[in-house]
Amino acid sequence: MRIISGLYKGRRITAPKKLPVRPTTDMAKEALFNILNNTYYFDDISVLDLFGGIGSISYEFASRGTTQITCVDQELGCTKFISETAEGFEMPIEVIKSDVFKFLEQTTIKATIIFADPPYAFPLEEFSKIPELVFKNNLLEDEGLLVVEHSKHTDLSNLEYYNYSKSYGGNMFSFFKKPESTTED
């Protein structure tokens, strides 16, 4: 895995083989950040990275100037690896070891972008809990975006707050956001 752009562009990060992870491919990550770059200034946002794995998405945001990054994963090996890597690069990533669903129930952290990369084998019911908890607990800032990575074989288009999806190889990103507020006369 490599960092695509920013201060740490080109740096390779190799996770221990024993970690139960499936990092976002470089091609998919580059495409995702091209989409986000058209809407956000990375140094002005906050990020919540759920199911952080080896931290690939968190490192990319940090490399591009984001200074408020929280990364959540339940695997001790993953959180330890992310913490050590972030410290080595002097990246501002707060790492939390927690079950993501319990975290979403209890946190008061609000973020501009919430990125979730759960296991592709999750049943649809598990995927649906992510936007449900994010929006029920009002965890997105105004103009915020929830991005869920999943297999192209999983269809999230019927979930509440769904906006659109983009496919890159076998990877798919589904984007969720609050509906535009309307004012009545």
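Phe115 stands opposite Val147 in strand S5 (residues 140-151). Strand S4 (residues 111-116) and S5 run parallel, joined by 5 bridges. Two strands pair if DSSP finds at least two bridges between them. Helices (H or I, at least four residues) and strands (E, at least two) are DSSP runs, numbered from the N terminus. This is a predicted model: local features need pLDDT of at least 70, side-chain atom pairs count only at pLDDT 80 or more, and totals for chains, interfaces and linings use all residues. Residues are numbered from 1 along each chain as its sequence is written, and side-chain values use heavy atoms, with hydrogens and water left out.

**The sheet**
- An open sheet is formed by 7 strands, in the order S3-S2-S1-S4-S5-S7-S6, with mixed pairing.
- Strand S3 (93-97) and strand S6 (162-168) stand at the edges with a single partner strand each, so one side of each has no neighbour in the sheet.
- From one strand to the next, the twist averages 15 degrees. Axes are lines fitted to C-alpha atoms, for helices over the stretch in contact, and angles run from 0 to 180 degrees between N-to-C directions.
- Strand S1 (residues 46-50) pairs with strand S2 (residues 68-73) in the parallel sense, over 5 bridges. Asp49 stands opposite Cys71 in S2.

**S5 and S7**
- S5 is largely enclosed by the rest of the structure, because 9 of its 12 residues are buried. Buried means under 20% relative accessible area, exposed over 50%, partly exposed in between (1.4 Å probe, protein chains only).
- S5 pairs with strand S7 (residues 171-176) over 6 bridges in the antiparallel sense. Val147 stands opposite Phe175 in S7, and Val148 stands opposite Ser174.
- S7 has 6 of its 6 residues buried, so it too is largely enclosed by the rest of the structure.
- In a regular strand the side chains alternate between the two faces of the sheet. In S7, Asn171, Phe173 and Phe175 point one way, while Met172, Ser174 and Phe176 point the other way.
- S6 and S7 are antiparallel, with 6 bridges. Ser165 has Ser174 as its bridge partner in S7.
- The hairpin of S6 and S7 has 2 residues between the strands, and Gly169 takes a positive phi near 65 degrees there.

**Helices on the sheet**
- S4, helix H5 (residues 124-136) and S5 make a right-handed β-α-β unit. Right-handed means that, with the strands pointing away from the viewer, the path from the first strand over the helix to the second runs clockwise.
- Helix H1 (residues 26-37) lies across S4, S5, S6 and S7, at about 140 degrees to S6.
- H5 packs on the sheet and touches S4, S5 and S7, its direction making about 175 degrees with that of S5. Contact means heavy atoms within 4.5 Å.

**Helix H2**
- Helix H2 (56-63) is mostly covered, with 8 of its 8 residues buried.
- Its buried residues pack against H1, S1, S2, helix H3 (76-89), S3 and S4.
- Gly65 follows H2 and has a positive phi, near 110 degrees.

**The largest pocket**
- The largest pocket has a volume of about 450 Å³. Of its 25 lining residues, Pro20, Phe51, Asp73, Asp117 and Pro119 are the closest to its centre.
- H2 and helix H4 (100-106) each supply at least two residues of the lining.
- A pocket is an open set of points on a 1 Å grid over the protein atoms alone, where a 1.4 Å probe fits, with protein on both sides within 12 Å along at least five of seven lines; lining residues have an atom within 4 Å of a point.
- Grid points are joined across faces, edges and corners, and a volume is the space filled by probe spheres set on the points.
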